[in-house]
Amino acid sequence: MHCVTAEVIHQEVVHGGYRVLQLRAPDLVPHVQPGQFVHVRVPHMEAAVLRRPFSVYKADGDVLQILYKGVGKGTRTMTFLAPGDTLSLLGPLGHGFPTLQPGNDPILIAGGYGMAALYLLARQLPVKGVAFFGGRSAPDILCVPEFEALGWDVRIATEDGSLGTAGRVTVLMDDWWAARSHDAAHVEAYACGPNGMLQAVAARAQQHDWTAWVSVDRNMGCGVGACLTCVLKTRTPEGDWVWQRSCTEGPVFDSRQIVWDAEGAS
Ligand SMILES: Cc1cc2nc3c(=O)[nH]c(=O)nc-3n(C[C@H](O)[C@H](O)[C@H](O)COP(=O)(O)OP(=O)(O)OC[C@H]3O[C@@H](n4cnc5c(N)ncnc54)[C@H](O)[C@@H]3O)c2cc1C
Ligand code: FES
């Protein structure tokens, strides 16, 4: 883990209000694994001391990119960052996605910024499969040409039907599963998105006996395991449960480990 001062190279609006922020961070980039995140101290926000977590979207050479949307005080402040500005980055943090077991077929399931969080994994996986992208509306669907260029078969669902199939992303997954005769043991799913979506993926993984890795989104304070803001309940092999920290033991968990409740991950 490194704490570095990164320089803003470029920032642009890409789609649906999402922005790509390019940062020069030569000491951090070589260590990034798919699914890891950086903890950003937002400059010009002295009243708010907590850093904000962002998945690493791309990491090449000495340039790290995050793809984000202005949703609150910190991220809206970030929209004003301009080339030459600097900010403090802590990372790479957390346990990312494990690599595919030999012989398994990968599928990706993403909602919102999950499409960015899965990009490095999509690039690194030795086998490409189907990528299911879901959102409320067409502007919520990101990065499609990039995943297709990597060889992924991207299938889209929007709740309002403005792009792809009308409905939730799980409709696509269910159709795909019903149309093929899979060897269940060979499906390995990787998911990042809203908790409800992750829970729906976990339910299908349990039903069909897939392996499913889910990246959870918890509020974070320190990002390094000290404050316990980000804990979630996980099962033990003995049938009991323990708290685990999503910033250090996660954010990626085996979906069978998580104790899900009505709100998603508990
Ligand atoms: C691992 C991970 C990866 C992420 N990757 C991305 C990404 O790639 N792109 C993207 O757009 N978004 C991503 N997010 C979400 C992003 O971190 C949030 O959108 C961002 O923190 C919002 O900050 P804000 O100041 O704009 O919002 P605000 O709502 O104004 O503030 C959020 C801040 O308040 C803190 N907070 C809120 N509620 C509580 C609480 N109950 N207890 C303690 N602290 C609290 C949060 O920790 C955070 O620091 C990711 C989140 C996680 C956990
Ligand atoms: S954010 Fe502090 S322990 Fe995870």
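Colleague: How far apart do the C-alpha centres of domain 1 and domain 2 lie?

Modeller: Keep in mind that this is a predicted model. The chain is divided into domain 1, residues 2–93, and domain 2, residues 105–265. Taking the C-alpha centres of those two domains, the distance is 23 Å.

Colleague: And how many residues does the contact take from each domain?

Modeller: Both domains contribute to the contact. Domain 2 gives 18 residues, and the number from domain 1 is 20.

Colleague: Which strands each supply at least two residues of the side of domain 1 that touches domain 2?

Modeller: Let's look at what that side holds to begin with: 12 nonpolar residues, 6 polar and 2 charged. The strands that each supply at least two of its residues are β3 (37–41), β4 (52–55), β5 (58–60), β6 (63–69) and β7 (86–93).

Colleague: Now the ligand. Which residues are closest to ligand 1?

Modeller: Ligand 1 has 25 residues surrounding it. At least three residues of that shell come from domain 1, and at least three from domain 2. The closest residues are Tyr68, Gly72, Gly74, Thr75 and Tyr113.

Colleague: What elements each supply at least two residues of that shell, and how do its residues divide by type?

Modeller: For the elements, it's β4 and β6, plus the helices α1 (73–78) and α2 (114–117). By type, the shell around ligand 1 divides into 13 nonpolar, 7 polar and 5 charged.

Colleague: Over to β12. Why is that strand described as largely enclosed by the rest of the structure?

Modeller: Try its two faces one at a time. On one side, Val187, Ala189 and Ala191 are buried, and on the other, Glu188, Tyr190 and Cys192 are buried as well. That covers both faces. β12 is largely enclosed because, of its 6 residues (187–192), the number buried is 6.

Colleague: Which residue of β12 is the bridge partner of Ile109?

Modeller: Start with the strand pairing: β8 (residues 105–111) runs parallel to β12, with 6 bridges joining them. Within β12, the partner of Ile109 is Ala191.

Colleague: What about β13: which of its residues is the bridge partner of Ala189?

Modeller: β13 covers residues 211–215 and pairs with β12 in the parallel sense, over 5 bridges. The β13 partner of Ala189 is Ala212.

Terms used
Residues are numbered from 1 along each chain as its sequence is written. Chains are lettered from A and ligands numbered from 1 in the order in which they are written. This is a predicted model: local features need pLDDT of at least 70, side-chain atom pairs count only at pLDDT 80 or more; totals for chains, interfaces and linings use all residues. A residue is buried if 20 or more other C-beta atoms lie within 10 Å of its own, exposed if 12 or fewer, and partly exposed in between; C-beta atoms are placed from the backbone. Helices (H or I, at least four residues) and strands (E, at least two) are DSSP runs, numbered from the N terminus. Two strands pair if DSSP finds at least two bridges between them. Domain bounds come from an automatic or database domain assignment. Two residues are in contact if their C-beta atoms, placed from the backbone, lie within 7 Å. Ala, Val, Leu, Ile, Met, Phe, Trp, Tyr, Cys and Pro count as nonpolar, Asp, Glu, Lys and Arg as charged, and the others, Gly among them, as polar. A residue is near a molecule or strand if its C-beta atom, placed from the backbone, lies within 6 Å of it.
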